[in-house]
Amino acid sequence: MQFQQLQYFVAVAETRHFTRAAERVHVAQPSLSQQIKALERELGADLFLRARGNITLTDAGEALLPLARRILADADTARYEVQELVQLRSGRVRLGATPSLCTGLLPDVLRAFHDRYPGIQLLIEESGSHDLVRELARGALDLALIVLPLPPASPALTTVELLREDLVVVSAPEATVPGRGRGGVRIADLEGERLVMFRHGYDLRELTVAACRSAGFEPGFAVEGGEMDAVLGFVRAGLGVAVVPRMVAARSGRGLRVTPLAKPGLHRTIALAHRSDVAPPRAARELQRMLLER
C-alpha cells in the first residue's frame with residue numbers, strides 16, 4: 001500500500017468522480033484509475049461500486065476511508081513538524097475552539113503568540129465541542145479548546161483543564177432584568193422570559209436548556225439558531241435575554257446590561273485537548289504552553 005494510493009482513494013471518495021479526483025491531485029485520470037485498481041488488488045477487495053455517472057463506496061471502502069484520512073493527516077503533521085525544527089520560524093498550528101472562546105479567550109493569546117512567532121501560520125476552526133472532538137480524532141486539528149465533560153464515546157484524548165468560567169445574563173439596557181433580585185438572576189426567574197438561544201449543537205444551548213429543565217420549566221425562545229455575535233446583536237435589539245460566558249459579556253462593549261446569576265449559578269469548564277496517541281507539533285506545544293500560562 002502506497003501513500004500516493006491513499007491520496008488518490010480519498011480524492012475519489014470525496015469527489016465521487018474519477019476525473020474530478022484526478023484534477024484535484026494533479027494526475028492523469030488513467031494513472032489514478034490504475035493506482036486505485038492496484039490498491040484494490042493489494043487489499044483483496046473492491047473499494048468502489050462503479051456505475052455510469054455514479055461512484056459509491058463499498059463496505060470495504062467505507063472502512064478504509066477514516067483510516068486513510070488519518071494516515072494522510074498524520075503524514076501532513078509530520079511534514080510540518082520537520083519544518084518547525086528551525087527555531088519555529090515556519091510551520092502552522094491548527095487550533096479548534098468554540099465560538100464563545102474565539103470571542104473571549106483567544107484574541108489576546110493569539111496576538112502574543114503571533115508577535116513571538118510571526119512565521120507560524122494560525123489556522124482556526126470555529127465549531128461546537130462535539131464537532132471539534134471529531135476533528136481532533138481524524139487528525140484535522142492539533143489542539144482544541146472544548147467544554148467538559150467530553151461527549152459520550154469520545155476518542156482517546158488528553159485534556160488539561162484551562163479555566164472554570166461563570167455564565168451571566170445579558171439583556172438590552174432598557175429591558176427589565178429578570179427577577180430583579182439583589183443576589184442576581186435565578187434560573188427560575190427565566191421562566192416566562194423570551195430567550196435568545198444559540199443553534200443546536202452549541203454547548204451553551206445545552207447547558208442553559210438543561211438548567212431550565214432542572215428548575216422545572218421548559219424555556220421559551222424569542223429567536224434561536226444564532227452564533228455568538230448574532231445572539232448578542234439580537235439581545236441588543238431587545239428581542240430577549242441570553243445566558244453567555246462572563247468573558248464574552250465583558251468584551252461585548254456597549255449596548256448590553258450584564259447581570260450575574262444568583263448562587264450557585266451556572267459554570268462551564270474549558271479544557272485544552274489533543275489526541276492521546278500523537279504528540280502535538282512543536283508550534284502547537286508552544287501555543288499550548290502560552291494558553292496554560294496566560
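Mentor: Helices (H or I, at least four residues) and strands (E, at least two) are DSSP runs, numbered from the N terminus. The model is predicted, so local features need pLDDT of at least 70 and side-chain atom pairs count only at pLDDT 80 or more, while totals for chains, interfaces and linings use all residues. Residues are numbered from 1 along each chain as its sequence is written, and side-chain values use heavy atoms, with hydrogens and water left out.

The protein chain has eleven helices and eleven strands, and the part to look at is helix α9, which runs over residues 228–236. Its buried residues (under 20% relative accessible area, with a 1.4 Å probe and protein chains only) are Met228, Val231, Leu232 and Val235. These four lie on the same side of α9, because they cover an arc of only 95° around the axis, taken from the directions from the axis to the C-beta atoms. Just after α9, Gly238 takes a positive phi of about 85°.

Met228 also belongs to the largest nonpolar core, where it is one of the residues that touch the most other members, as are Phe198 and Val244; such a core is a set of buried Ala, Val, Leu, Ile, Met, Phe, Trp, Tyr and Cys residues joined through side-chain atoms within 4.5 Å. Helix α9 supplies at least two residues of this core, as does β9 (242–245). Beyond its neighbours within four places in sequence, Met228 is in contact (heavy atoms within 4.5 Å) with residues including Pro99, Thr103, Phe198, Tyr202, Val244 and Val248.

Key:
Buried < 20%, exposed > 50% of the residue type's maximum accessible area, 1.4 Å probe, protein only.
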